[in-house]
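Open the model in your viewer and keep the selection tool at hand. The stops below are meant to be taken in order.

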Amino acid sequence: MRRICLTLVAATACYPTTTRPDLTPLPAATRIELELDVAAATRLVALELDTDSIPVARTEPKDGWLETEWFNPVTLAPVRGRPLGHDAVKVRAFVDPGRPNHSNVQIEVVERRVVNPAMPGRELEQVVDGGHPVMLRVLRAVGRMQVEK
């Protein structure tokens, strides 16, 4: 009985708990390095996106990520119904430890251009082009973060 209890305790102690979604940033995501730890860098990214009116819905500094809901890039209002086409975007940021006292930040602005019920939604997401209004806001925020550090 003692052996079973020790095994259960060991198994639960090793169970990683995180709120971070099981996603890998898309290759075209914007990348920067900040001289901050993961939690502080995540908070800074959220603050800078908020400064540019990007409606961040969830921020998890401990786990190094944040995201918006699907929103309209012109009105910045949440999208009702199916997010599809240029009228619905989502912003996600992933913050990972880098070299000592630094964090690597990857920010993606995505849209879904097609519908395919047979595929997971993530596989339908594509990074918007560089001239997209939300991408321009993100790049402006990135520029401020690189200056502030």
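Contact here means heavy atoms within 4.5 Å. This is a predicted model, in which local features need pLDDT of at least 70, side-chain atom pairs count only at pLDDT 80 or more, and totals for chains, interfaces and linings use all residues. Residues are numbered from 1 along each chain as its sequence is written, and side-chain values use heavy atoms, with hydrogens and water left out.

**Stop 1: Arg-92**

Select Arg-92, in strand β4; helices (H or I, at least four residues) and strands (E, at least two) are DSSP runs, numbered from the N terminus. Arg-92 is buried, because its relative accessible area is 6%; buried means under 20%, exposed over 50%, and partly exposed in between (1.4 Å probe, protein chains only). Leaving out residues up to four places away in sequence, Arg-92 touches Leu-23, Leu-66, Glu-67, Gln-106, Ile-107, Glu-108, Val-110, Arg-122 and Glu-125. Its side chain makes a polar contact of 2.8 Å with that of Glu-125. A polar contact is a pair of N or O atoms within 3.5 Å; within protein, one must be able to donate a hydrogen and the other to accept it, and residues adjacent in sequence count only if both atoms are side-chain atoms.

**Stop 2: Arg-112**

The side chains of Arg-112 and Glu-125 are joined by a polar contact of 3.4 Å.

**Stop 3: the largest nonpolar core**

Which residues touch the most other members of the largest nonpolar core? They are Val-45, Val-91, Ile-107 and Met-145, out of 31 residues. Elements giving two or more residues to this core are β1 (30-34), α2 (38-51), β4 (90-97), β5 (103-112) and α4 (133-148). A nonpolar core is a set of buried Ala, Val, Leu, Ile, Met, Phe, Trp, Tyr and Cys residues joined through side-chain atoms within 4.5 Å.

**Stop 4**

Now select α2, where the buried residues include Val-38, Leu-44, Val-45 and Leu-49. Move on to Ser-53, in the loop between α2 and β2 (56-60). Phi of Ser-53 is positive, near 65°. Ser-53 counts as partly exposed because its relative accessibility is 41%.

**Stop 5: Leu-76**

Finish at Leu-76, in the loop between β3 (65-68) and β4. Leu-76 also has a positive phi, near 65°. Is Leu-76 buried or exposed? At 18% relative accessibility, Leu-76 counts as buried.
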